[in-house]
Amino acid sequence: MGEIRPVYLEDKLKEVEDSGRLDYRSKALPTWCPGCGYFSIVEAVATALCELGIPNENAVMVSGIGCSSRFPFFINTYGIHTLHGRALPSALGVKTANPALTVVAVGGDGDGFAIGGGHVPHAARRNLDITYLLFDNGIYGLTKGQTSPTSAIGFKTPTSPYANPDRPLNPLLMLLSYGASWVGQSYAGDPEHLRSMVRQALEHRGFSYLHILSPCVTFDKTHRTYVNLGMQVHPLPATHDPADKLAAMGEAMKNEQAPAVGLYYREQRPTLDDALDALVEKAGGEKRGLRGGRGRKLR
Amino acid sequence: MNTDVQIAIVGSAGDGTIAAGDILRRAMAEIGYRVISFDLYPAEIRGFGKCIARLRVSDEQAYSLKQKSDILVSLDDSHAIPHVGEAREWGAVIYETNSVNPLPEGAHLSAHIDPGQVPYNVPIRELAEKSTGAARSRNIVVVGYIIGLMRLPLEPALRALTGKFKGKGEIAQKNEAALRAGYEEGLRWFRLDDIEFGPPPAQERGAHLEMINGNAAIVRGALDAGIDTFFGYPITPATSIMERLASEMPKRGARLVQTEDEIAAISATLGAGFAGARAATATSGPGLSLMAEMLGFGVIAEVPSVVFVSQRGGPSTGMPTKHEQSDLNMAVFGGHGDAPRIVIAPTNVEGCYRCAGRAFEMAEAYQTPVIVLLDLYLSNRYETVPFPDRPPFEADTNRYADTRGGAAGFQRYVLTADGVSPRSTPGQPGGMHVATGLEHNELGRPNDQPDMHLAQSRKRHEKLKAALRHPGFEPAKRFGDTGAVDVGLVAWGSSFGECLEAMYLAQEEGIRCAALKVLMISPFPVEMATSFLADCKEVLVPEVNYQGQFAGILQMQVPRAVTRMTRIPCAPMRVEEILDEIRRLAGRVVEPQAA
């Protein structure tokens with residue numbers, strides 16, 4: 001931690017207004033509980049889109065169902081709020097139809113690893129050129145606090161009143177083995193780190209997976225709290241080489257004790273768009289340019 | 001001189017029965033005749049199951065096969081013997097003279113030919129062996145023989161043969177020799193007077209005739225309508241739609257992805273539809289069940305999308321290789337909530353082409369999922385189709401919003417007179433909005449107020465009514481006698497062909513009879529059905545499912561008594577059975593049929 005300086009409200013407001021990132025916030029107010037970590041994710045995505053100069057109309061937020069999946073309503077871009085678990089295949093459709101779009105899939109741990117778990121490996125192995133932001137609070141918030149696939153053993157919830165007996169999944173390890181070409185982790189309680197990671201994920205060409213740890217302040221008073229996470233979260237070792245997949249997997253395994261944030265793994269390889277374009281070439285067809293919803297016809 | 005000849009070839013798997021039928025029907029189509037053809041083969045890839053290739057060759061496009069064949073060919077007597085009765089009186093039965101091994105009494109087809117049928121015992125094996133050195137080409141010999149016997153030109157069959165065995169040098173040569181040997185033999189035999197091949201009909205202007213099956217026609221329609229993306233998962237009997245698109249779409253710069261399951265396929269299809277693409281997927285009953293929830297999303301979020309469904313026997317895994325029309329309720333009502341969608345069901349192969357193209361137009365024009373409902377029979381049956389030289393489909397039927405200078409939020413779901421709200425797609429400035437599965441207001445923001453739920457529900461239902469007047473599309477069509485009739489048939493999907501055939505036969509018997517073909521089942525053409533039913537003393541609704549699903553929908557829309565004729569023979573309905581029902585309803589005496 002560096003030197004501590006006072007922050008004045010007027011200065012902060014002016015800085016935010018001047019930055020232009022408010023243009024990326026919609027007029028709808030987030031529906032989340034006060035103190036929820038997701039507010040900082042909205043801020044991070046708006047900031048990243050703004051800093052990267054992506055026009056509002058060229059970005060699409062795609063989500064499933066859950067607290068986190070309300071996200072598209074709070075960002076001023078195009079969005080689809082689909083069905084529980086179906087953010088990734090819906091994003092596949094959007095990106096395939098119009099590769100010029102910046103597509104961001106968002107969702108929670110239940111949406112992504114319970115009902116939607118079957119879609120994650122395929123988006124990753126195809127290297128679909130989108131960013132997947134996984135908001136992990138280890139709980140089902142929207143249905144009022146049941147266990148999720150990333151809940152800890154021993155967690156007591158309305159559906160596990162005698163304590164959850166199931167092992168939590170290790171999403172980072174899964175994504176690494178699925179073949180995601182960018183895998184990182186961040187923490188909603190550290191907005192600076194989050195902003196930087198979201199930006200890097202958006203900049204990556206290929207499937208970028210950012211796992212964001214975030215507390216559910218309403219339904220989890222015992223496990224994944226700001227206090228607990230604040231003590232556990234630490235940066236990846238400075239010596240970690242993001243090109244080394246085995247090392248990344250080793251670090252991911254340590255997450256079961258205490259989560260480390262940062263970039264675990266990154267590689268450059270052809271995306272699904274590249275593969276589909278190559279196919280067109282092989283078949284002797286002509287690339288359609290901006291397919292963008294028959295984009296040629298759009299005014 | 002009118003041509004209307006049906007040929008059936010019966011053999012065992014491995015005899016090349018289906019291949020022979022394929023060459024023959026391609027040759028007939030090239031000569032310029034209209035053909036309808038449906039093959040029967042066992043579910044197993046290998047083994048000695050029964051195969052039958054049937055083709056009906058005529059001047060005008062027939063809607064179904066005939067009950068009796070004019071020419072019956074046996075490539076395997078053990079399978080052909082039970083089918084001898086299929087050859088009509090004075091029809092030809094062609095079979096092998098010399099069997100390889102001495103056969104027990106009664107195992108040779110010659111012992112089973114009915115009086116009146118004309119036997120042609122041909123040394124098929126010998127001709128094959130002499131011309132090619134092996135017996136494998138017996139099927140090709142038979143094709144040549146029929147062409148020679150009927151004094152038809154050989155060249156079209158040669159070209160069909162070349163097309164089929166392209167790049168297989170020696171095999172192609174041998175097959176050509178076999179074809180010529182069969183042809184020469186056929187020329188030497190006496191021709192039957194009452195099996196006639198007249199001069200082929202004149203070709204339609206501005207169109208070219210092609211022999212194609214239902215799934216291939218769907219593909220052609222989709223391509224001619226400018227399909228941009230396809231996401232699918234293999235499932236019998238819809239798979240060949242995806243396979244054909246996989247080779248054709250890249251040639252046109254369009255994109256196809258095989259997804260991890262049907263849920264992903266429909267999700268991606270809706271994602272692409274949201275992005276403005278002409279997007280489609282194809283599946284069968286089990287896949288449609290999986291897609292039901294996402295189709296509801298397409299309805300509430302008003303996303304253009306097309307789903308081709310080829311039905312097979314159900315429920316559950318059911319009978320993947322058997323014909324049935326039992327997914328109608330699923331297509332029309334499947335999923336939760338009040339979720340109206342467009343469901344159209346072509347009745348023949350040409351209809352598959354037209355419905356496929358129009359489905360994309362409708363999906364965009366009314367901003368909704370459109371289900372095109374086929375069945376195994378229609379998917380796999382071949383017909384000659386006059387394809388127009390210029391595709392008859394509109395390339396873009398969207399109603400776009402002008403979002404320039406829109407400072408306030410874009411009202412994606414604004415309430416309009418006809419219920420269709422002008423849309424914007426990603427990439428269009430000022431048109432940003434969220435498409436959601438939650439009930440929403442005009443802006444697309446979540447809203448669960450009763451007034452808004454009512455307004456949006458009404459919009460989603462009312463906007464579809466315009467589809468009944470969609471340009472270039474007839475939701476229902478009447479055939480047969482005009483005015484009051486004794487018996488009126490109401491039919492949908494592939495069953496309509498058999499109904500029409502039965503209706504014509506009933507008319508020949510002096511029964512006043514008409515048939516209503518219903519192409520659009522949701523929204524239902526209530527006015528047309530009402531006026532048709534008002535003309536009918538008795539109404540017969542034949543369909544291939546147990547419950548009478550279509551009759552149920554008909555009665556829900558137009559309350560009146562109808563006779564449900566439901567049959568589940570794992571195959572198309574028999575014309576003879578429908579005819580018997582018509583006779584019964586018309587008060588005629590019906591002879592009990594032998595089982």
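Let's start with S2(B) (residues 34–40) and S14(B) (residues 382–388), which pair in the antiparallel sense over two bridges. (Strands here are DSSP E runs of at least two residues, helices are H or I runs of at least four, and both are numbered from the N terminus; two strands pair if DSSP finds at least two bridges between them.) One of the residues involved is B:Ser37, whose bridge partner in S14(B) is B:Tyr382. A quick word on provenance: this is a predicted model, where local features need pLDDT of at least 70 and side-chain atom pairs count only at pLDDT 80 or more, while totals for chains, interfaces and linings use all residues. Residues are numbered from 1 along each chain as its sequence is written, with chains lettered from A and ligands numbered from 1 in the order in which they are written.

That pair belongs to an open sheet of eight strands in chain B, with mixed pairing and the order S6-S5-S4-S1-S3-S2-S14-S7. Strand S6 (118–122) and strand S7 (207–213) of chain B have a single partner strand each, so they stand at the edges with one side left without a neighbour in the sheet. From one strand to the next, the twist averages 20°. (Axes are lines fitted to C-alpha atoms, for helices over the stretch in contact, and angles between N-to-C directions run from 0 to 180 degrees.) Lying across S1 (4–12), S2, S3 (50–58), S7 and S14 of chain B is helix H1(B) (residues 17–31), which runs at about 10° to S3(B).

## Chain B: the seven-stranded sheet

Chain B also has an open sheet of seven strands, again with mixed pairing, in the order S9-S8-S10-S11-S13-S12-S19. Its edge strands, S9 and S19 (520–522) of chain B, each pair on one side only. Ignoring direction, neighbouring strands of this sheet are turned by 20° against each other on average.

Within this sheet, S8(B) and S10(B) (residues 279–283) pair in the parallel sense over two bridges, and B:Phe230 stands opposite B:Ala280 in S10(B). Helix H9(B) packs on the sheet, where it touches S8, S9, S10 and S11 (305–311) of chain B, and its direction makes about 160° with that of S10(B). (Two residues are in contact if their C-beta atoms, placed from the backbone, lie within 7 Å.)

## The nonpolar core

In soluble globular proteins, nonpolar side chains tend to be buried together. Here the largest nonpolar core has 258 residues, and those with the most contacts inside it are B:Val142, B:Phe308, B:Val372, B:Val487 and B:Ile582. (A core is a set of buried Ala, Val, Leu, Ile, Met, Phe, Trp, Tyr and Cys residues joined through C-beta atoms within 7 Å; buried calls for 20 or more other C-beta atoms within 10 Å of a residue's own, exposed for 12 or fewer, with partly exposed in between.) Helix H12(B) (residues 349–366) gives the most to this core, with 11 residues.

Zooming in on B:Val372, its contacts include B:Val306, B:Phe308, B:Ile344 and B:Cys355, not counting residues up to four places away in sequence.

## Where the chains meet

The contact between the chains takes 47 residues from chain A and 44 residues from chain B. Among the elements giving two or more residues to chain B's side are S8 (229–232), S9 (255–258) and H10 (285–301) of chain B, but the largest share, nine residues, comes from H9(B). By class, that side has 20 nonpolar, 15 polar and nine charged residues. (Ala, Val, Leu, Ile, Met, Phe, Trp, Tyr, Cys and Pro count as nonpolar, Asp, Glu, Lys and Arg as charged, and the others, Gly among them, as polar.)

Strands pair across the two chains as well: three bridges join S2(A) (residues 78–81) to S15(B), and the two run parallel. A:Gly79 stands opposite B:Val434 in S15(B).

## Chain A: a covered strand and its surroundings

S3(A) (residues 102–108) is mostly covered, with seven of its seven residues buried. A:Thr102, A:Val104, A:Val106 and A:Gly108 point one way and A:Val103, A:Ala105 and A:Gly107 the other. Five bridges join S3(A) to S1(A) (residues 59–63) in parallel, with A:Ser63 opposite A:Val106. S3(A) also pairs in the parallel sense with S4(A) (residues 131–136), over five bridges, and there A:Ala105 stands opposite A:Tyr132.

A:Ser208 sits in S6(A) (residues 208–213) and is buried, with 26 other C-beta atoms within 10 Å. It touches A:Thr131, A:Trp182 and A:Ala201, leaving aside residues up to four places away in sequence.
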